[in-house]
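Colleague: I have a few questions about this model. Can we go through them one by one?

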Amino acid sequence: MSICVLRAQMLPCKTVLSWTRGTGNRCDIARLRKCGVCYVPNLSPVSFPSRTLSNLATAHSGLARREMAENEALSRRQKVLTIDTMNANIKKVEYAVRGPIVQRAVQIEKELKEGVKKPFNEVIKANIGDAHAMGQRPVTFFRQVLALCSYPELLDDDKFPEDTKYRAQRILKACGGSSIGAYTASQGIECVRQDVSRYIERRDGGVPCDPDNIYLTTGASDGIVTMLKLLTAGEGRTRTGVMIPIPQYPLYSAAIAELGAVQLNYYLDEDKCWGLDISELQRSLQAASKHCNPRVLCIINPGNPTGQVQSRERIEDVIRFAAKERLFLMADEVYQDNVYAEGCKFYSFKKVLYEMGPEYFNTVELASFHSTSKCYMGECGMRGGYMEVINMDSEVKAQLTKLVSVRLCPPVPGQALMALVTNSPQPGEPSHAQFLKERTATLGDLAQKAKLTEEILNTVPGIRCNPVQGAMYSFPQITLPERAIREAKEKGQAPDMFYCMKLLEETGICLVPGSGFGQKEGTYHFRMTILPPADKLKILLSKVKEFHQRFTKCYS
Amino acid sequence: MVESALSNIYIYIYIYIYIYIYIYKIWVSSVGRRRVFSNPPPTHEMTENSVVHRGKVLTLGTMNPSVKRVEYAVRGPIVQRAVQLEQELKQGIQKPFTEVIKANIGDCHAMGQQPITFFRQVLALCCYPDLLEDNRFPEDTKTRARRILQACGGGSLGSYSASQGIEIVRQDVARYIEKRDGGIPCNPDNIYLTTGASDGITTMLKLLVSGEGSSRTGVMISIPQYPLYSAALAELSAVQISYYLDEENCWSLAVGELQHALEAARQYCRPRVLCIINPGNPTGQVQSRQCIEDVIKFAAEQNLFLMADEVYQDNVYADGCRFHSFKKVLFEMGSKYSDQVELVSFHSTSKCYMGECGFRAGYMEVVNMDPEVKVQLTKLVSVRLCPPVPGQVLLDLVVNPPLPEEPSYRTFFEERSATLAMLAEKARMTQQILNEVPGITCNPVQGAMYTFPRIQLPPKAIAQEKGQAPDMFYCMKLLEETGICLVPGSGFGQRDGTYHFRMTILPPTDKLKIVLAKIKEFHQSFTEQYS
């Protein structure tokens, strides 16, 4: 019966006209109108796209007004693309870093501009690792070369040091027609890929790197999504499962949702400075293998949002685990220069893999991601990045190259920047001293702010914060009073979203609630960047402190 | 004694049998494993393999099957061979030519077109704002640079922008569209900046594709088409519905053909999207206003979402042809249509007179999009954070070029006019010379940047193919003999039994003449050889 009802869906007469026209029976619309039949059943074997039960209701209410004109019938047509008919996977995508709280922050900014009175006079967006927006200065050398590449007539200007000109000329020579406006090879400009591979070799103490294994990307996000796309296959129980840390950077959960892959959570240990425990990986894998095919293990090191830096030993354990369990390793290493804590050092997965001997480095498949957006560069807007693939099946590599070719090439200014980051001024070159000074100052500042953030937050009763060993964020745990949790739940909000929204409204500080990254049930957090200038950061932290105390009191 | 000898023999027999069984087991397991890796293997068998003998996690058999189906001829095997040939030339290997000419892709600057000075000056200022003190830059370039920098976080191009794009850039785009369309209003909220038009097209298709089996979204695309469409559809596992352009009528589009294609497709999928490329790529036709109206009516009647790829909107050369935007025509058709037909239009900085492909910039305008879906779209683009900011800057300059009273105007105007005039001349020349060759027939290049001539191939050449499309065989031979890199028509789609190639009209005039002469010569000798 219900099938019959669905099949006999009502159609506006205009659609009928076209339908009959298609089958060759020209239908006189005027006659139809005269009969007052505005809707007739759709008897075609394949029903029309956007008509669901809710449209049936529309059709019935339409029947009441029999004299409806053709125009109206057409104008009452359902949209082709609605929330019900769109790609269901996209609906599941969530990306808290730019979610509702940030939209509200943008609104408040506009209100402030319009002169609306607020208990603050500026919105501070500590939600995202956007270094330049927080006042970090671009590295002069990078920008000089980019200006030269953009407008090569400046090459005769003696304001520019010789080494900037030399770099610009080298990049331009590698571009079609010597213009950064030409398409490049889809994998990236060859000489840039060579620079990247030499950089990796230096970083990893001479472990060889083949430029053919380097793919330049539109920011690291692009590379991560591309790799996950390649890896996702199967249906039902054979669908690819992807292991990600919790808390995670929500690009991962978003990409997994979009691809319809299966997200497998493994929890970082907050009590051990967000350390990674192999038995937790094992637990997560075991639980998953009943309902999907776990094939990928993602690691973020240094951690985002959690700021931990993995020890060499732990990386070895992870590699052994991946080898044993036949997992493809994805190492997100975009914060590789952002290591602040004493005794911590960045070890690349690739280097550790090679040092573990041929048994591992000839077999374990690894993709490592880097970007121009973080570290001391902070050039997020340029969308520069690369990935290195290791032990990738050569047929799959051909597929990867084909896949990236559809998008033609990564943005060339970003590629040029990547060349400069991986081939920075050397001692003896005119730009070296200033470059070194700028880089050191930025990294020194960050280290100081990491410490400051941890220290101040830990003085607040009800806030507990692990040391920010690396990356650009603090992810403290906040204790929320029962009443606040209840009130939030009544509003249908995650309790930490409720907290962060209130913080935003009262202080103008924009943070991201921990629920956007994932956290152990019953715990609450927020992510905050350590990027604001030191004096501003101090004010910000004391405001957070004050707010937290007020909030706790208010809801106790 | 006998007993012990016997028991010894038994032991030997046992050992032999055991060894045989063992060898048999190894053989079976190796055959089995081969079978396992050619199909997506079940999890447990894989995890039990030892570390040393493990097969790869990611193989052709276990990778995403949709990605495998993706094809993109514009950068396909022929271009890979061209790159190889270039390297061989560099190494001093003797060839019957001294240079590879890549006429496979609309890459203007690579073909010698000069960037617009104004654009590049502002970009240099934005990259390195210390230059704002420099008096070699005209005042208007500085004003633009300051305005853009002010809209960037921390006054730097290095900051993330809003995911939809910098607000003032979207405002400028909206004003540009209003001006282009004779005052039809455009809301900056409907503008999304993209990483080249390709990014926008893929994003929209991603939103639109849903359903399974016979309810899977069908997308109508022209044949010949720009292979980004077929590639994106393959990746999304959407259903491609081909409608053929009429080569005899200058690659025009007939609504009857749309109807025909749609009807046939309804048997196996749910057609929801109609893609139009105007001016056409690879076919170079420019649609008449009437034809656009017919298409809009058709989309309205058939409940189709319209995607208008209008990246060549300034590239119109033929007398009597004019670019009409889908949006403008839609709104001139009255509220009956303009209130309901869902349309998205794409533009880019890569084509027209700009040719700034490397910056990967573009925008899309969505019209009549369901507000809930728009929220979803905004969310979706936010995952990628933002389009590259240098490209956003460039787009701003394209939609907000120097005004007649501003100091950069004259140079800008001269540069733009020269580039467009040159393209028009080359379009004419290409058509004329190719049509002189017996066995090549070529429609007028009314717009865009390509010619897509039909080539007559002798039967022996067609029989020659070894798993190769005949026009691929032809283009490969052309490349090996002359160094000219074209894309075979089979990469774009064509009527069965017809053969074509796509060639850009972009090389500088004198070089283009040589290219065309070489093709002429090649075609004649090829025809002779295989007749």
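Colleague: What do the side chains of Arg170(A) and Asp195(A) meet in?

Modeller: The two side chains meet in a salt bridge, with 2.8 Å from N to O. Bear in mind that this is a predicted model.

Colleague: Where do the two residues of that pair lie?

Modeller: Arg170(A) is in helix 9 of chain A and Asp195(A) is in helix 10, residues 190-203 of chain A. The pair therefore ties together parts that are 25 residues apart in sequence.

Colleague: And Asp195(A), buried or exposed?

Modeller: Asp195(A) counts as buried, at 2% relative accessibility.

Colleague: What about Arg239(A), which residue does it form a salt bridge with?

Modeller: With Glu235(A), where the closest N and O atoms are 3.7 Å apart. Arg239(A) counts as buried at 16% relative accessibility, because the cut-off for buried is under 20%. Glu235(A) is exposed, with a relative accessible area of 61%.

Colleague: Which residues are joined into one network by salt bridges that share partners?

Modeller: Arg312(A), Arg314(A), Glu316(A), Asp317(A), Arg320(A), Lys351(A) and Glu355(A).

Colleague: How many salt bridges are there over all chains?

Modeller: A search of the whole structure finds 55. Between chain B and chain A the count is 8.

Colleague: Give me one of those between the chains. Which residue of chain B does Lys159(A) meet?

Modeller: Lys159(A) meets Asp134(B) in a salt bridge, at 2.6 Å from N to O. This pair crosses between chains. Lys159(A) sits in the loop between helix 8 (140-150) and helix 9 (162-173) of chain A. Asp134(B) sits in the loop between helix 5 (117-127) and helix 6 (139-150) of chain B.

Colleague: Is Asp134(B) buried or exposed?

Modeller: Asp134(B) counts as buried, at 7% relative accessibility. Lys159(A) counts as partly exposed, at 48%.

Colleague: Which residue does Glu258(A) form a salt bridge with?

Modeller: Its partner is Lys206(B), and the closest N and O atoms are 2.8 Å apart.

Colleague: Now the contact as a whole. How many residues does it take from chain B and from chain A?

Modeller: It takes 115 residues from chain B and 118 from chain A.

Colleague: And what area is buried between the two?

Modeller: About 10,000 Å², with carbon and sulfur atoms giving 55% of that. The size of an interface is often given as the accessible area lost when the parts come together.

Colleague: Change of topic. How many disulfides are there over all chains?

Modeller: The search of the whole structure finds 0. Cys175(A), for example, is in no disulfide, and the nearest cysteine sulfur, that of Cys149(A), is 7.1 Å away. A disulfide needs the two sulfur atoms within 2.5 Å.

Colleague: On to chain B. How many helices and strands does it have?

Modeller: Chain B has 19 helices and 14 strands. Of its 531 residues, 61% count as buried.

Colleague: Take strand 14 of chain B. Which strands pair with it?

Modeller: Strand 10, residues 450-451 of chain B, pairs with strand 14 in the antiparallel sense over 2 bridges. Strand 13, residues 487-488 of chain B, also pairs with strand 14 in the antiparallel sense over 2 bridges.

Colleague: Which residues are the bridge partners in strand 14 of chain B?

Modeller: The partner of Thr451(B) is Met503(B). The partner of Val487(B) is Arg502(B).

Colleague: And the faces of that strand, which residues are on each side?

Modeller: Phe501(B) and Met503(B) are on one side, and Arg502(B) and Thr504(B) are on the other. All of these are buried, and both faces of strand 14 are covered.

Colleague: Last one. What does UniProt place at residues 161-542 of chain A?

Modeller: The unreviewed UniProt entry places the feature "domain: Aminotransferase class I/classII large" there. In the model, residues 161-542 of chain A are 43% helix and 16% strand, and the end C-alpha atoms are 44 Å apart.

Key:
Residues are numbered from 1 along each chain as its sequence is written. Chains are lettered from A and ligands numbered from 1 in the order in which they are written. This is a predicted model: local features need pLDDT of at least 70, side-chain atom pairs count only at pLDDT 80 or more; totals for chains, interfaces and linings use all residues. Side-chain values use heavy atoms; hydrogens and water are left out. Buried means under 20% relative accessible area, exposed over 50%, partly exposed in between (1.4 Å probe, protein chains only). Helices (H or I, at least four residues) and strands (E, at least two) are DSSP runs, numbered from the N terminus. Two strands pair if DSSP finds at least two bridges between them. UniProt positions are given in the numbering used here, feature names are shortened, and annotations may be inferred rather than shown by experiment. Contact means heavy atoms within 4.5 Å. Buried area is the accessible area (1.4 Å probe) that two parts lose on being put together, summed over both. A salt bridge is a side-chain nitrogen of Lys or Arg within 4 Å of a carboxyl oxygen of Asp or Glu.
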